[in-house]
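Work through the exercises below with the structure open. Try each task before reading its solution.

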Amino acid sequence: MALLEVRNINVYYGDMQALWDVSFDVDEGELVALVGSNGAGKTTTLRAISGILRPRSGTIKFKGIDLTEMKPHEIVESGVAHIPEGRQLFPKLTVLENLKAAAYTKRARERFNESLDFVFRLFPILRERSSQLAGTLSGGERQMLAIARGLMLNPELLMLDEPSLGLAPKLVQEIFKTVKELKDEGLTILLVEQNVHQALALADRGYVLETGRIVLHGTGKELLENPRIKTAYLGM
C-alpha cells in the first residue's frame with residue numbers, strides 16, 4: 001500500500017472544474033514530482049490533499065486513512081505538511097518565532113527540540129538569522145524558512161509547491177540541493193515544480209498534468225527522455 005493514494009479526484013472552483021479524475025501514488029521514502037505548465041492543476045492537487053479544497057468525487061488516502069472528509073488541521077496532525085507557493089511567512093515575527101509558530105500540533109510539540117536542531121543543521125543561515133524578522137530576509141532565506149517551518153511539523157509527507165519560484169539561478173540550485181538532502185534523509189516528498197528538468201532529474205517518479213488531467217507518468221529518467229516532454233517543457 002502506498003503512503004499516499006489519490007484516486008480519481010474531481011475538484012472544482014465553484015462551477016469551474018479544475019481536476020478531472022486525477023490519480024497517482026506516492027510510496028514511502030519516494031520523491032514524486034508533479035510537473036506541468038501554469039494553470040495545469042498542480043497547486044489545486046496539493047490543496048485537495050491538504051484539505052483546503054474538497055474533491056466532489058474520488059478519494060485521497062494517507063496511510064490507508066481517507067482524508068477527503070478531514071479538516072486541514074487534522075490532515076496536518078496525521079503527518080502531512082504542505083509548504084505553499086509564495087512562502088506565506090509571518091513577516092513581523094523573527095525566524096525563531098516563525099519556527100515556533102509552525103510547531104503547533106501535538107506531534108510537532110513532542111519533537112520540537114529535535115526538529116529545531118535538524119532545521120538549523122540543514123539551514124545554518126537560519127540559526128544565524130534566528131532573531132531577525134522574517135520580512136527582512138532575502139528571497140532564498142525566506143524559502144529556506146518556509147521549508148523549515150514545514151519540517152517543524154515533523155511530517156511523514158512533505159508537499160512542496162514551487163520551491164524555486166522567483167529565485168535567482170544560484171539559489172534555485174541551493175533549494176534543489178536541500179530537497180535532495182531531505183530525500184536522502186528518507187523523507188517522503190511530493191514536489192510541484194515548473195522547473196521540469198530539475199524536478200524530474202531528482203524524482204524517483206513523475207506525473208505530468210495538463211489542463212487538469214494526468215497525461216504522462218513514469219520514472220524521472222523516463223520522462224526526461226520522453227520526446228513530448230523534451231518538446232513541450234525542455235525546449236528541445
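**Exercise 1: charges over rings**

In this predicted model, the charged end of arginine 56 lies over the ring of tyrosine 12, at 3.8 Å from the ring centre. Task: find which ring the charged end of arginine 213 sits over.

**Exercise 2: a hairpin**

Task: describe how strand 9 and strand 10 are joined.

Solution. Step one: locate strand 9 at residues 205-210 and strand 10 at residues 213-219. Step two: take the direction; the two run antiparallel, with 6 bridges between them. Step three: pick a facing pair. Glycine 206 is opposite glycine 218 of strand 10. Step four: inspect the turn. The hairpin has 2 residues between its strands. Threonine 211, in the turn, has a positive phi of about 45°.

**Exercise 3: an aromatic pair**

Task: classify the 1 aromatic pair that a search of the whole structure finds.

Solution. Step one: get the distance and angle. The ring centres of phenylalanine 24 and tyrosine 207 are 5.5 Å apart, and the planes meet at 50°. Step two: apply the cut-offs. Stacked needs under 30 degrees and edge-to-face over 60. At 50°, the pair is therefore tilted. Phenylalanine 24 is in strand 2 (residues 16-26) and tyrosine 207 is in strand 9.

**Exercise 4: burial**

Task: are phenylalanine 24 and tyrosine 207 buried or exposed?

Solution. The cut-off for buried is under 20% relative accessible area. Phenylalanine 24 has 2% relative accessibility, so it is buried. Tyrosine 207 has 8%, so it is buried too.

Terms used:
Residues numbered from 1 in each chain as written. Predicted model: local features only at pLDDT ≥ 70, side-chain atom pairs only at ≥ 80, totals over all residues. Heavy atoms only, no water. Pairing = 2+ DSSP bridges. Helix = DSSP H or I, 4+ residues; strand = E, 2+ residues; numbered from the N terminus. Phe/Tyr/Trp six-rings, centres within 6.5 Å; stacked < 30°, edge-to-face > 60°. Buried < 20%, exposed > 50% of the residue type's maximum accessible area, 1.4 Å probe, protein only. Lys NZ or Arg CZ within 6 Å of the ring centre and 35° of its normal.
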